[in-house]
Amino acid sequence: MAPATAVAQVQNLFKSDLPVEKDVALVKNEYNTLAKSFPTYQLDDAFNFSPIRESTVSRAMTRRYFADLDKYAESDIVIVGAGSAGLTAAYYLGTRRPDLKIAIIEASVAPGGGAWLGGQLFSAMVVRKPADAFLREIGVPYEDEGEYVVIKHAALFTSTVMARALSLPNIKLFNATAVEDLIVKADQDGNQRIAGVVTNWTLVSLNHGLQSCMDPNTINAHLVLSATGHDGPFGAFCVKRAHQAGLVPHLGDMRPLDMNRSENLIVKGTREVYPGLVVSGMELSEIDGANRMGPTFGGMMFSGIKAAQEALNVFEE
Ligand code: 48N
């Protein structure tokens, strides 16, 4: 039996949060049959890993990394930011358009942005309906509380949507890598559009003041989908850079919290803010001056999906 199926079976056996020993007593026979399907790991004194040479490990990593850099140097879509909006957009694009090459650029070593915890470092994640439909699509269990659902740990959502997206063959995540500028190009009519991103190792981007000329790398793309959030050292990066370069007229500055208004505003306002630049998630609040919503994440998921739909509209033009 495939391990994933076995895990699902165990989850199914332990339906409630009752103490495991009580469940096992209740379902001992069934569980024993199931337990026989798990592989055995004989980790006694006779155990040894297969031998390997250090350079083999280095080549296994570097060969693939640099092949990916070469492959994604020309991407169809670049997603900037792997938080809840960016990862949802990546999953949606990757599953609906498996023919597109999608690069995700994430400044942190750990993707996920603000969605590893629900709010004020509490574990549970609240998602207002109808965004529970997306949780069912990607297979995240939740408790149904009527108007909203609760995921027992935000990391369960983030790790699941990340795993689903990163397992797709047309998606590559470049984490610990920052977008530190945008690429602009004039089309045949002389109209400018965003046509890719300028990148560097995040640690380099954060330390340009220490060395001169730590020049960047580039990725050309037909479209950039930015979901860089409103927090952290690079929050709202692309809209701030576009405003600084005179590409967008003004920044609105995120407004105080209004949960009911903000999630609808963020989803409905998700759009192409400049030719070739679609903005999603909390970064949008920085351009539109939308209210923040606080610790509820359905708006991020649906803004990510809306951004992917907007990107596909542009892409199919
Ligand atoms: O999680 P975030 O910050 O952004 P979103 O929009 O996906 O989700 C926002 C959400 O977590 C909230 O803020 C909740 C709903 N709270 C609202 C409120 O009222 O407080 O993810 C953005 C990601 C992060 O992982 C950053 O590291 C990354 O984008 N990032 C970048 N990656 C590469 N290059 C950059 N220039 C860059 N800037 C940010």
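Residues are classed here as buried under 20% relative accessible area, as exposed over 50%, and as partly exposed in between, with a 1.4 Å probe and protein chains only. By this criterion Cys238, at 0% relative accessibility, counts as buried, whereas Cys213, at 67%, counts as exposed. A search of the whole structure for disulfides (pairs of cysteine sulfur atoms within 2.5 Å) returns zero.

The model is predicted, so that local features need pLDDT of at least 70 and side-chain atom pairs count only at pLDDT 80 or more, while totals for chains, interfaces and linings use all residues. Residues are numbered from 1 along each chain as its sequence is written, and side-chain values use heavy atoms, with hydrogens and water left out.

Asn291 is placed in the loop between helix H11 (283-288) and helix H12 (298-315), helices being DSSP runs of H or I with at least four residues, numbered from the N terminus. At 10% relative accessibility, Asn291 counts as buried. Its side chain makes a polar contact (a pair of N or O atoms within 3.5 Å, one able to donate a hydrogen and the other to accept it; residues adjacent in sequence count only if both atoms are side-chain atoms) with the side chain of Arg261 at 3.2 Å, and a polar atom of the Asn291 side chain lies 2.8 Å from the backbone oxygen of Pro256. Leaving aside neighbours within four places in sequence, the residues in contact with Asn291 (heavy atoms within 4.5 Å) are Arg255, Pro256, Asp258, Arg261, Ser262 and Leu265.

Notes:
Helix = DSSP H or I, 4+ residues; strand = E, 2+ residues; numbered from the N terminus.
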